[in-house]
Amino acid sequence: MTIEIPAQPYPYPLDPAHTALVVIDMQRDFIEKGGFGDSLGNDVARLEAIIPTTAALIALFRRQGWPVIHTREAHKPDLSNCPPSKIRRGNPTLHIGETGAMGRLLIAGEPGNQIVDALAPAEGEIVIDKPGKGMFWDTGIHERLQAMGITHLVFAGVTTEVCVQTSMREANDRGYECLLIEDATESYFAEFKHATVKMIAAQGGIVGWVTPLSELDRAVGAPG
Ligand code: TIU
């Protein structure tokens, strides 16, 4: 039986037995000063603001016993899964793989590459390292989700128009029913978040659905 979640462009039919939460890239490298986002010239303080909402969303899924998946944008230390074009891009003060205040930028295992403490994965939750912006490229996650019987994905994380939207579009193309929690995602650019939220739900939900956490909370109800 599905649970109807009030959403744009129309109610999202959440299927409790087949739904997982995907928290995209809530890493120190994007959220704290001295990381990759900072090196690109961004104001990282905007992203920190969604930590409480994202924590509440994760808590809701854990209470229900629904799967929580965390992603990290992370490359191998030898950079063999990071195309040179990606390293060159952005004219940053530091490039991917170079050493900043929290270790080598966007490299697996470095301090800056970890998920922020407030949203740390719990024992048994899936954590995937993705070398691309999207969660499906070179990760094997589609096969794992299929083996788990997951058909519905709820999205949170950063940044809205880069890794979140890319992952939602990849998921949409693979047949997942996708819902974005709009107050558990953020961009370095307010106007890009706004545009992304609108374009996901436009054209009858061309990429998926969008709703605030309060609607999900209300519809799912008390701890199950
Ligand atoms: N720069 C930017 O907005 N985002 C990224 O580089 N990666 C993610 O969105 N995770």
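How many aromatic pairs does the structure hold? The structure holds 6 aromatic pairs, and the legends below begin with them. The model is predicted, with local features requiring pLDDT of at least 70 and side-chain atom pairs pLDDT 80 or more, while totals for chains, interfaces and linings use all residues. Residues are numbered from 1 along each chain as its sequence is written, and side-chain values use heavy atoms, without hydrogens and water.

**Figure 1. Aromatic pairs.** A pair of aromatic rings is described by the distance of the centres and the angle of the planes. Rings of Phe, Tyr and Trp (its six-membered ring) pair if their centres lie within 6.5 Å; planes under 30 degrees apart count as stacked, over 60 as edge-to-face and the rest as tilted. Phe189 and Phe192 form a tilted pair, with 4.8 Å centre to centre and 45° between the planes. Phe189 is partly exposed at a relative accessible area of 33%, and Phe192 is partly exposed at 37% (buried means under 20% relative accessible area, exposed over 50%, partly exposed in between, with a 1.4 Å probe and protein chains only). Tyr10, Tyr12 and Trp209 are linked into a cluster by ring pairs.

**Figure 2. The largest pocket.** The largest pocket holds about 390 Å³ of space. Of its 19 lining residues, Phe30, Phe36, Leu40, Lys133 and Val162 are the closest to the centre. Helix H5 (84-88) and helix H7 (160-173) are the elements that give two or more residues to this lining, and H7 supplies the largest share, 3 residues. The lining divides into 10 nonpolar, 4 polar and 5 charged residues. A pocket is defined on a 1 Å grid over the protein atoms alone, as an open set of points where a 1.4 Å probe fits, with protein on both sides within 12 Å along at least five of seven lines; lining residues have an atom within 4 Å of a point. Grid points are joined across faces, edges and corners, and the volume is the space filled by probe spheres set on the points. Ala, Val, Leu, Ile, Met, Phe, Trp, Tyr, Cys and Pro count as nonpolar, Asp, Glu, Lys and Arg as charged, and the others, Gly among them, as polar.

Figure 3. Residues around the ligand (a heavy atom within 4 Å) include Asp25, Glu73, Thr159 and Tyr188. The side chain of Lys133 has an N or O atom 2.9 Å from an oxygen atom of the ligand. A polar backbone atom of Cys163 lies 3.1 Å from an oxygen atom of the ligand, and a backbone N or O atom of Val158 lies 3.2 Å from a ligand nitrogen atom.

**Figure 4. Backbone geometry in loops.** Most residues other than glycine have a negative phi, and most peptide bonds are trans. The peptide bond from Val158 to Thr159 is cis, with omega near -15°; Thr159 is in the loop between strand E8 (152-158) and H7. Helices (H or I, at least four residues) and strands (E, at least two) are DSSP runs, numbered from the N terminus. The bond from Gln8 to Pro9 is also cis, with omega near 0°. Leu106, in the loop between E6 and E7, has a positive phi near 55° and is buried at a relative accessible area of 0%.

**Figure 5. Ile107 and Lys76.** Ile107 lies in the loop between strand E6 (103-104) and strand E7 (126-130) and is buried, with a relative accessible area of 0%. Ile107 and Lys76 are 31 residues apart in sequence and 6.0 Å apart in space, C-alpha to C-alpha.

Methods
Polar contact = N/O pair within 3.5 Å; in protein donor to acceptor, adjacent residues only side chain to side chain.
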